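Thanks for making time this morning.

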Amino acid sequence: MIDGKKVLFSGMQATGNLTLGNYLGALKNWITLSDEYECFYSVVDMHSITVRQDPAVLRKRARNLLTLYIAAGLDPKKNCIYYQSHASGHAELAWILNCFTYMGELNRMTQFKDKSAKHADNINAGLFTYPVLMAADILLYQADVVPVGVDQMQHLELTRNIAERFNNIYGDVFTVPEAYIGKVGAKIMSLQDPTKKMSKSDENPNGSIYLMDDPDTIMRKCKRAVTDSEACIRYTDQQPGLKNLIDIYSACSGCTPQETVKAFEGKGYGDFKAAVGEAVISVLKPLQEEFDRLSKDKAYIDGIIKDNAEKANYFSAKTLRKVQRKVGFPDRIR
């Protein structure tokens with residue numbers, strides 16, 4: 001705990017472009033958490049290089065992502081918003097935790113199997129030990145809670161196992177984190193394949209609405225969204241494409257899915273898709289305008305990067321020094 005508040009850690013990779021799904025499912029809900037928790041929100045650029053990146057592009061995307069955090073409403077004075085690569089404790093703790101993680105545990109990680117299949121020409125050690133770095137991210141700040149989706153629960157369980165294993169050997173060193181159970185963000189699916197989550201790595205650009213898409217592009221993508229031939233607006237798993245559009249409209253308008261269905265009773269899919277597009281545009285316009293304004297204020301963003309890196313290093317050093325001493329590393333002479 002920090003100043004009487006439980007600690008929450010989360011982060012996003014600096015690859016691709018954030019989607020409407022990232023915003024409605026995670027980022028929008030982060031904003032409400034800073035009053036209840038001491039929040040550390042990282043741009044996890046170290047995780048990004050398990051796949052080959054263009055250095056200039058990665059730097060630009062990392063800065064854009066950090067700026068988007070703030071544009072979306074995260075207060076950099078209330079929350080520690082920082083680059084993972086600017087807090088060296090992440091890498092230092094990850095090495096130590098590697099020595100307390102078993103090969104069999106990492107072999108069972110489904111994301112390693114999935115990413116290895118996608119990047120068969122670059123199955124590197126970082127891809128294999130990625131979950132240990134994730135554990136270091138969380139344990140470094142003694143996080144009590146971590147907001148995770150279903151696809152990350154396996155990694156959180158590994159983090160808990162590593163923390164408990166270390167604590168059993170050396171005493172009460174790490175807080176064993178729990179999954180954050182709070183208001184569930186909208187789960188937004190692909191506009192072209194509603195059986196899959198909307199993803200920033202989708203090969204079909206029409207499947208995802210990106211936060212920086214212009215109004216014409218947003219409207220075009222909504223109008224091309226996959227639905228069905230029933231021509232009846234209902235909220236049912238039997239109409240996954242339509243159900244996804246109802247979820248998007250409801251999340252953007254503040255209505256419940258049932259209220260949305262009632263509002264469009266008797267309307268056609270064309271009218272509804274246009275309404276979805278307008279709702280998305282109205283939500284993203286202020287975010288885009290604030291992002292543009294912040295992007296032009298280089299000194300302000302540079303100041304946040306510097307100040308929050310110092311804050312991240314201050315808190316992470318406390319844990320790191322304790323761990324180093326526990327495992328027997330010599331004390332530093334100051």
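Which residues in H3 meet which residues in H12? Before I answer, a word on what we are looking at: this is a predicted model, in which local features need pLDDT of at least 70 and side-chain atom pairs count only at pLDDT 80 or more, while totals for chains, interfaces and linings use all residues. Residues are numbered from 1 along each chain as its sequence is written, and side-chain values use heavy atoms, with hydrogens and water left out.

Now the answer: on the H3 side we have Asn-64, Thr-67, Leu-68, Ile-70 and Ala-71, and these meet Leu-287, Glu-290, Phe-291, Leu-294 and Ser-295 of H12, where contact means heavy atoms within 4.5 Å. Helices here are DSSP runs of H or I with at least four residues, strands are runs of E with at least two, and both are numbered from the N terminus. H3 covers residues 55–71, and its axis lies 9 Å from that of H12 at an angle of about 125 degrees, the axes being lines fitted to C-alpha atoms over the stretch in contact and the angle running from 0 to 180 degrees between N-to-C directions. The two helices are therefore oblique to each other, since under 35 degrees counts as roughly parallel, over 145 as roughly antiparallel, 65 to 115 as roughly perpendicular, and the rest as oblique.

H12, residues 269–295, also matters for the next topic. The largest nonpolar core has 60 residues, of which Leu-27, Leu-66, Tyr-69, Phe-272 and Val-280 touch the most other members, and H12 gives this core its largest share, twelve residues. By such a core I mean a set of buried Ala, Val, Leu, Ile, Met, Phe, Trp, Tyr and Cys residues joined through side-chain atoms within 4.5 Å; buried is under 20% relative accessible area, exposed is over 50%, and partly exposed is in between, with a 1.4 Å probe and protein chains only. A second, separate core holds 40 residues, including Leu-127, Ala-136, Ile-138 and Ala-143. Returning to Tyr-69, its contacts beyond four places in sequence include Trp-30, Tyr-41 and Ile-81.

What about disulfides, then, and how many does the structure hold? It holds zero, taking a disulfide as a pair of cysteine sulfur atoms within 2.5 Å. For Cys-232, the closest cysteine sulfur is in Cys-255, and at 18 Å that is too far for a bond. Cys-255, in turn, has the sulfur of Cys-252 as its nearest, 11 Å away. Both are partly exposed, Cys-232 with a relative accessible area of 34% and Cys-255 at 29%.

Let me finish with the loops. Thr-32 and Ser-34 both lie between helix H1 and strand S2, yet Thr-32 is exposed at 59% relative accessibility, whereas Ser-34 is buried at 7% and touches Lys-5, Cys-39, Lys-78 and Asn-79, leaving out residues up to four places away in sequence.

Finally, two backbone values: most residues other than glycine have a negative phi. Asp-3, in the segment before strand S1, has a positive phi near 50 degrees and is exposed at 76%. Gln-142, in the loop between helix H7 and strand S4, has a positive phi of about 55 degrees and counts as buried at 17%.
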